[in-house]
Every structure is written in structure tokens, then in C-alpha cells.
Amino acid sequence: MTSRSLINCDCKDGFAGLEDESVDLILTDPPYLKEVWEGAYQTLATQGARVLKPSGYLISYCGHINLNHIMRIMDDAGLAYYWLFSQANHGAKCLVHARHIIAGFKPIIIYQKPPVKPLNRITLDMITGQRSKAYHCWQQDIHEAIHLLRTFSKTGDLVLDPFTGSGTVPLAAKALGLSYLGFEIDPGTHAIALGRMDQEPLTWEAFV
Ligand SMILES: C[S@@+](CC[C@H](N)C(=O)[O-])C[C@H]1O[C@@H](n2cnc3c(N)ncnc32)[C@H](O)[C@@H]1O
């Protein structure tokens, strides 16, 4: 496993190959499917707490309905709550039938492996992105990943996305000159991510 690879595997196996305190930052978007989301966040929290370096960030998209449950999972793993970011939803908005609420933003939780240390730059907790679904139906906008990585990473960091999907986070990390590692269980989606990594030009200015 190199520090610039995307691997087609279950993230449990991917995590098993990582040493304790070997990752600087995790930025990810776990599956929301009813049958798997809870186990996915549990693996993310427990393994994230193990592989992150002290004061490393764990940043994750979350669904609204399970937000409190997901935060409990993070707390129970020994991670420290840092902040909640909002990602404004542009274009089509989602009506959450179970609550009769139209979701205008996506929550993004920021946790930190203790000790908590403040960012060394000042940032706003609201992100605006664009609807981007060209590569995958669950794809997130690369502008969001670039914004989050520019805010929470530093030169030379290793960024991990254990639920890589179409590769948005690794692509953003590559564009910013960071090391990256991604795990994706679905072979077809993994192939899409590998294809995106070859895009040129790969400077973050190309995406903003
Ligand atoms: C919400 S999508 C991520 C989309 C991504 N943010 C993007 O921009 O394309 C979650 C991804 O996690 C993958 N996945 C689900 N369970 C997994 C597991 N146990 N290990 C690795 N990947 C998994 C799914 O196949 C899916 O591609």
C-alpha cells in the first residue's frame, strides 16, 4: 500500500493494513443505505480513532436523521467533537418524508483525535458547492473537498477516504499536492475513481 493509492477493498481490510497513528486526516462520505450506515460509521469511528495521529481530524458527511446517533458513535470511540459545518444544497433539494422537512443543507461533522487544537487559520463553517453527479449518483462536489482539505490539512499530510466512491476526495487531495489513500468496495465504482485520477490538468485552480 503506497501513500498514493486507491484500493478496491472493504474498508475493514484496508484499515487492517494501516498502522496506528499513521494518518493525518480522514475526509469521507459513508454509505447512507439503511442496512449498512450504522456499521459503516462504527468502523469509521473506531478505526479512525486508531489510525489518526494525535490532533488529526475526522471529517464526515452525515444524513440529518441519524446525526445524533452518528455523533454518539464518534464520541464513544474517544474522538472529540470539534465543529459542525453546513454544505448548502444547490439545485434540487431533498424532501425528507419522515420529517416533512426540505433539507437545504448537508451536515458535515468535524471530529478530532485528542488533544483538541484549534485550526491555525480562521474559517467560515458554511460551504457552498454545486450539484455534481457526472461520475456517480452519490458523488459529492469536488469544491467542497478542496475547501475542507485546504482548511484542515497541512503540507505533506496523508488524507484517507475509506468510502471513496467515484474518488472525489483523493482527486482533491492529489490536486492540492497531498498524499492520499482510498478504499472502495465496489469494483465498478473503484474503476471510475481510478479513471478520474488521470484527469488533467490537476491543479485545484482548475476546479474553482
Ligand atoms: C456515499 S458513497 C461516496 C461517494 C463519494 N463521496 C463520491 O464523491 O463519489 C459511499 C461509497 O462507499 C462504498 N462502500 C460501502 N461500503 C463500503 C465498505 N465497507 N468499504 C469500502 N467502501 C464501501 C460504496 O460502494 C460507495 O461507493
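Is Ser153 buried or exposed? In this predicted model, Ser153 has a relative accessible area of 18%. Buried means under 20%, so Ser153 is buried.

**Surroundings of Ser153**

Ser153 sits in the loop that runs between α4 (142-152) and β9 (158-161). A polar atom of the Ser153 side chain lies 2.5 Å from the backbone oxygen of Leu149. When neighbours within four places in sequence are set aside, Ser153 is in contact with Leu25, Leu148 and Leu178.

**The ligand site**

The other part of this report concerns the ligand. There are 20 residues around the ligand, and those that come nearest are Cys11, Gln140, Ser166, Thr168 and Glu184. Sorted by class, the shell around the ligand holds 9 nonpolar residues, 7 polar residues and 4 charged residues.

| Residue | Protein atom | Ligand atom | Distance |
|---|---|---|---|
| Asp10 | side-chain N or O | nitrogen | 3.1 Å |
| Asp29 | side-chain N or O | nitrogen | 2.9 Å |
| Ile185 | backbone N or O | nitrogen | 3.2 Å |

Asp10 and Asp29 take part through their side chains, while Ile185 takes part through a backbone atom. How much of the ligand does the protein bury? Taken alone, the ligand exposes 610 Å², and the protein buries 90% of that area.

Conventions:
Residues are numbered from 1 along each chain as its sequence is written. This is a predicted model: local features need pLDDT of at least 70, side-chain atom pairs count only at pLDDT 80 or more; totals for chains, interfaces and linings use all residues. Side-chain values use heavy atoms; hydrogens and water are left out. A residue is near a molecule or strand if one of its heavy atoms lies within 4 Å of it. A polar contact is a pair of N or O atoms within 3.5 Å; within protein, one must be able to donate a hydrogen and the other to accept it, and residues adjacent in sequence count only if both atoms are side-chain atoms. Accessible areas come from the Shrake-Rupley method with a 1.4 Å probe; for residues, only the protein chains shown count as cover. Ala, Val, Leu, Ile, Met, Phe, Trp, Tyr, Cys and Pro count as nonpolar, Asp, Glu, Lys and Arg as charged, and the others, Gly among them, as polar. Helices (H or I, at least four residues) and strands (E, at least two) are DSSP runs, numbered from the N terminus. Buried means under 20% relative accessible area, exposed over 50%, partly exposed in between (1.4 Å probe, protein chains only). Contact means heavy atoms within 4.5 Å.
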